[in-house]
Amino acid sequence: MNLIVLSAMFSFFPVTIDHLPLLRHWFAQPHVSCWWPTPEKEEDFFAHFLKRIRSSDTHPYIALIDDKPIGYVQMYHIDYNNEKAGKWLPKFPEHTVGIDQLIGEPAYIGKGYGTRMVTDFIRFIKTVDPNITTVIVDPDPENKAAIRCYEKVGFLLVGLCETPYGNAYLMRYDI
């Protein structure tokens with residue numbers, strides 16, 4: 001049997017202050033805003049994302065296809081001492097990270113791009129930090145499209161849990 005290795009469809013670029021208007025546009029899209037509540041005022045939104053850009057624990061990226069930005073992805077290090085960064089999580093292996101993502105451009109929704117973006121991002125973060133062994137996601141239990149996407153990538157259900165943001169469908173992918 002021959003192994004077929006798909007080349008990466010996506011590339012990832014660190015978010016800069018110049019991306020904030022694009023992110024604000026994406027987060028205002030109905031297919032995004034129903035799952036990702038963010039500040040409505042422009043200055044509050046920008047301040048919210050400036051914290052992420054400058055954080056040493058959260059690493060935000062723009063996801064591109066052929067240099068066209070279509071989505072947002074972030075990787076964060078688990079911090080069991082911080083309520084927003086993992087205090088509520090069960091214990092995972094030492095080199096576990098969480099990821100969150102969205103397709104911002106409506107034309108790319110429901111066509112399999114999310115699955116490829118997550119797959120390519122996992123490959124990408126392994127090049128950034130080869131020690132990563134486990135990736136977690138925590139979609140809203142009602143976000144069936146996200147859950148199906150993660151299942152296609154290979155994430156497995158850990159269980160339902162309560163987070164600072166509400167109930168979550170905690171899933172895990174071991175690299």
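Let's start with helix H3, which covers residues 42-54: its 13 residues reach 18 Å from the first C-alpha to the last, close to the 18 Å expected at 1.5 Å a residue. Keep in mind as you look around that this is a predicted model.

Which residues of H3 are buried? They are Phe-45, Phe-49, Leu-50 and Arg-52. Looking down the axis of H3, you will find these buried residues within an arc of 160°, so they line one face of the helix. Their packing partners are helix H1 (20-27), strand E2 (58-65) and strand E3 (68-77).

Now for the aromatic rings. How many aromatic pairs does a search of the whole structure find? The search finds 13. One of them joins Phe-155 and Tyr-173 in a tilted arrangement, with 5.4 Å from centre to centre and 45° between the planes. Phe-155 sits in the loop between helix H5 (144-153) and strand E6 (156-163), while Tyr-173 belongs to strand E7 (residues 166-174), so this pair ties together parts that are 18 residues apart in sequence.

Here is how the two partners compare in accessibility:

| Residue | Relative accessible area | State |
|---|---|---|
| Phe-155 | 3% | buried |
| Tyr-173 | 23% | partly exposed |

Finally, there is a cluster to explore: ring pairs link Phe-10, Phe-12, Tyr-61, Phe-121 and Phe-124.

Notes:
Residues numbered from 1 in each chain as written. Predicted model: local features only at pLDDT ≥ 70, side-chain atom pairs only at ≥ 80, totals over all residues. Heavy atoms only, no water. Phe/Tyr/Trp six-rings, centres within 6.5 Å; stacked < 30°, edge-to-face > 60°. Helix = DSSP H or I, 4+ residues; strand = E, 2+ residues; numbered from the N terminus. Buried < 20%, exposed > 50% of the residue type's maximum accessible area, 1.4 Å probe, protein only. Expected span 1.5 Å × (residues − 1). Arc of directions from axis to C-beta. Contact = heavy atoms within 4.5 Å.
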